[in-house]
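This note sets out points for a colleague who has the sequence and the coordinates to hand.

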Amino acid sequence: AIVGGSCTFTPLSSTTFTAGVSKNLSIFANDQYGNPVTSSSVQFTVQGSVSGGPFTSTQVGSTNEHVVTILLTQAVGAQSLSIRVDGASVAGSPISVTVVPND
């Protein structure tokens with residue numbers, strides 16, 4: 001079974017989001033022992049604390065990698081992004097980000 005605390009994600013190259021510009025986040029599904037879970041029934045969600053989401057994941061092939069495209073469009077300033085699977089937080093979540101205007 002998948003366990004949120006055993007899942008990992010690739011750190012964002014930058015924690016600054018430009019309003020209206022999407023970024024992808026790769027998340028890796030693992031069981032309680034750290035083994036990859038490749039089930040297509042796994043669904044991750046990302047929710048912004050102020051605006052955006054929930055955004056859902058798409059599995060990459062038949063691997064344990066899932067990609068979430070995040071698009072924050074409204075509130076400029078500090079936010080946090082919560083990453084969850086089956087109601088449990090993924091290790092390292094939430095992520096602190098900053099949304100800047102799209103000039």
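1. Contact here means heavy atoms within 4.5 Å. On that basis, of the contacts in the protein chain between residues at least 6 apart in sequence, 57% join residues at least 24 apart. The model is a predicted one, and the remarks below should be read accordingly.

2. Secondary structure. The protein chain has zero helices and nine strands. Its pattern along the sequence is accordingly written β-β-β-β-β-β-β-β-β.

3. Overall dimensions. The radius of gyration of the protein chain is 14 Å, which agrees with the value near 13 Å that a compact globule of 103 residues would have. Along the principal axes, the C-alpha atoms occupy a box of roughly 45 × 25 × 20 Å.

4. Surface and burial. Of the 103 residues, 35% are buried.

5. The nonpolar core. The largest nonpolar core comprises 24 residues. Those with the most contacts inside it are Phe 17, Leu 25, Phe 44, Ile 70, Leu 72, Leu 81 and Ile 83. Two or more residues come from each of strand E3 (23–28), strand E4 (44–48), strand E6 (65–70), strand E7 (77–85) and strand E9 (95–100).

6. Leu 81. This residue belongs to strand E7 and is among those with the most contacts inside the core. Is Leu 81 buried or exposed? Its relative accessible area is 1%, below the 20% limit, and Leu 81 is therefore buried. Beyond its neighbours within four places in sequence, Leu 81 is in contact with Phe 17, Val 46, Gln 47, Gly 48, Ile 70, Leu 72, Ser 93, Pro 94, Ile 95 and Val 97. Gly 48 is 33 residues from Leu 81 along the chain, yet their C-alpha atoms are separated by 4.6 Å.

7. Aromatic rings. Across the whole structure, zero aromatic pairs are found. The ring of Phe 17 does, however, have the charged end of Lys 23 over it, 4.8 Å from the ring centre. Phe 17 is also one of the core residues with the most contacts and one of the residues in contact with Leu 81.

8. Asn 24. Strand E3 holds Asn 24. Its relative accessible area is 53%, over the 50% limit, so Asn 24 is exposed. Leaving aside neighbours within four places in sequence, Asn 24 is in contact with Leu 12, Val 67, Val 68 and Thr 69. Ser 57 lies 33 residues from Asn 24 along the chain, with 9.9 Å between the C-alpha atoms.

9. Val 76. The loop between E6 and E7 contains Val 76. Which residues does Val 76 contact, leaving aside its neighbours within four places in sequence? They are Val 99, Val 100 and Pro 101. Val 76 and Pro 101 are 25 residues apart in sequence, and their C-alpha atoms are 6.3 Å apart in space.

10. Backbone at Asp 86. Asp 86 is not a glycine, yet its phi is positive, at about 50°. The residue is placed in the loop between E7 and E8. Asp 86 counts as exposed because its relative accessibility is 65%.

11. Backbone at Pro 94. The peptide bond from Ser 93 to Pro 94 is cis, with omega near 5°. Pro 94 is situated in the loop between strand E8 (88–89) and E9. Both Ser 93 and Pro 94 are among the residues in contact with Leu 81.

12. Gly 61. The loop between strand E5 (55–59) and E6 includes Gly 61. With a relative accessibility of 63%, Gly 61 counts as exposed. Gly 61 and Thr 38 are 23 residues apart in sequence, and the distance from C-alpha to C-alpha is 9.1 Å.

Conventions:
Residues are numbered from 1 along each chain as its sequence is written. This is a predicted model: local features need pLDDT of at least 70, side-chain atom pairs count only at pLDDT 80 or more; totals for chains, interfaces and linings use all residues. Side-chain values use heavy atoms; hydrogens and water are left out. A nonpolar core is a set of buried Ala, Val, Leu, Ile, Met, Phe, Trp, Tyr and Cys residues joined through side-chain atoms within 4.5 Å. Buried means under 20% relative accessible area, exposed over 50%, partly exposed in between (1.4 Å probe, protein chains only). Helices (H or I, at least four residues) and strands (E, at least two) are DSSP runs, numbered from the N terminus. The radius of gyration is taken over C-alpha atoms; the globule rule is 2.2 Å times the number of residues to the power 0.38. Rings of Phe, Tyr and Trp (its six-membered ring) pair if their centres lie within 6.5 Å; planes under 30 degrees apart count as stacked, over 60 as edge-to-face and the rest as tilted. A charge sits over a ring if NZ of Lys or CZ of Arg is within 6 Å of the ring centre and within 35 degrees of the ring normal.
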